[in-house]
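Okay, thanks for coming, everyone.

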Amino acid sequence: MDDCIIIGAGPAGLTAAIYLARFHLSIRLFDSGDSRAALIPRTHNHAGYPEGIAGRDLLARMLAQAEQYGAVREQVEVTGLRVLDDGFGVRIGEREVAARSVLLATGVVNHRPDMPDALHGEALQRGLVRYCPICDGYEVTDRKIAVIGTGGHGAREALFLRGYSADVTLIAPDAEHQIEEEHEGELDAAGIKRVDGPCGNYAIEGDSIAFDTSHGRLAFDTLYPALGSRIRSKLAVMAGARAAEDGCLEVDDHQRTSIPGLFAAGDVAKGLDQISHAMGEAGVAATTIRNMLAEQRPIRR
């Protein structure tokens with residue numbers, strides 16, 4: 001039986017793997033290969049990289065560091081998780097692997113606008129589609145920005161981006177905007193334009209992202225989808241862990257879920273959805289796992 005199984009190899013999972021391997025624990029790292037961090041063309045918020053670093057390059061460096069201490073990443077999809085008398089059973093296809101503890105670092109999946117994968121990929125790489133204004137709002141300073149969304153979530157994202165540009169338009173994805181009066185006043189005061197939906201027929205036109213709206217075809221320097229996300233907490237919920245209404249796993253200050261021995265770090269737990277924050281949570285979780293296991297059975301070399 002392994003000491004810990006880590007599910008997910010994004011920034012949180014890889015940070016935990018580095019810590020746990022350096023604690024001389026036996027670990028497995030299972031990953032489906034679709035970390036959201038891999039989609040980042042270049043992050044400039046990560047300390048230590050003044051010129052920025054591509055998400056894939058950052059993940060590759062972190063994996064190499066974990067492997068240096070003996071961690072092994074297996075690219076598989078975990079399909080089940082259950083509580084055993086002395087730990088957990090993790091289901092992968094037809095086999096089940098047992099561990100004394102489990103750390104979930106499965107992240108989230110952004111809801112995308114309705115555009116072909118190839119177009120979405122090119123637009124993302126060129127900065128014409130962006131998902132994290134906290135991460136890259138600086139890069140769109142004084143640019144023409146569209147936010148696809150409505151309601152409180154869309155309004156808050158548009159207002160956040162107003163701190164970077166005076167040219168922000170909030171566009172409803174499907175029909176008329178559904179925005180509370182409170183947010184209507186804030187949007188008006190900020191000078192944020194609003195366009196009802198539907199919108200679609202996306203295309204890259206020159207250096208712009210263009211699409212059809214109820215006001216005709218519009219083009220922008222960059223587009224932020226504010227369409228929410230799917231939290232990858234299904235495995236933990238299946239095992240009986242508590243989650244908030246939005247799907248984020250409930251954890252305490254040490255990243256412990258409601259199930260003893262089951263931990264969560266990164267975007268799957270409610271937080272800031274930032275690489276640095278996910279890494280910090282993973283460090284806390286890994287250290288807590290080490291101390292918990294040592295209390296059960298002293299770690300000796």
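So, contacts first: take pairs at least 6 apart in sequence, and 58% of those contacts join residues at least 24 apart. Contact here is heavy atoms within 4.5 Å. Before I go on, this is a predicted model, where local features need pLDDT of at least 70, side-chain atom pairs count only at pLDDT 80 or more, and totals for chains, interfaces and linings use all residues. Numbering runs from 1 along each chain as its sequence is written, and side-chain values use heavy atoms, with hydrogens and water left out.

On the secondary structure, we've got eight helices and 16 strands, those being DSSP runs numbered from the N terminus, H or I of at least four residues for helices and E of at least two for strands. Along the principal axes, the C-alpha atoms fill a box of roughly 65 × 40 × 35 Å. Of the 301 residues, 50% count as buried, meaning under 20% relative accessible area with a 1.4 Å probe, protein chains only.

Now let's zoom in on one residue, S101, which sits in strand β6, residues 95-104. Is S101 buried or exposed? Buried, because its relative accessibility is 0%. And what does its side chain reach? That's the backbone oxygen of D3, at 2.8 Å. Skipping neighbours within four places in sequence, S101 is also in contact with residues including C4, I5, F88 and G261. I289, M292 and L293 are among its contacts too.

How values were computed. A polar contact is a pair of N or O atoms within 3.5 Å; within protein, one must be able to donate a hydrogen and the other to accept it, and residues adjacent in sequence count only if both atoms are side-chain atoms.
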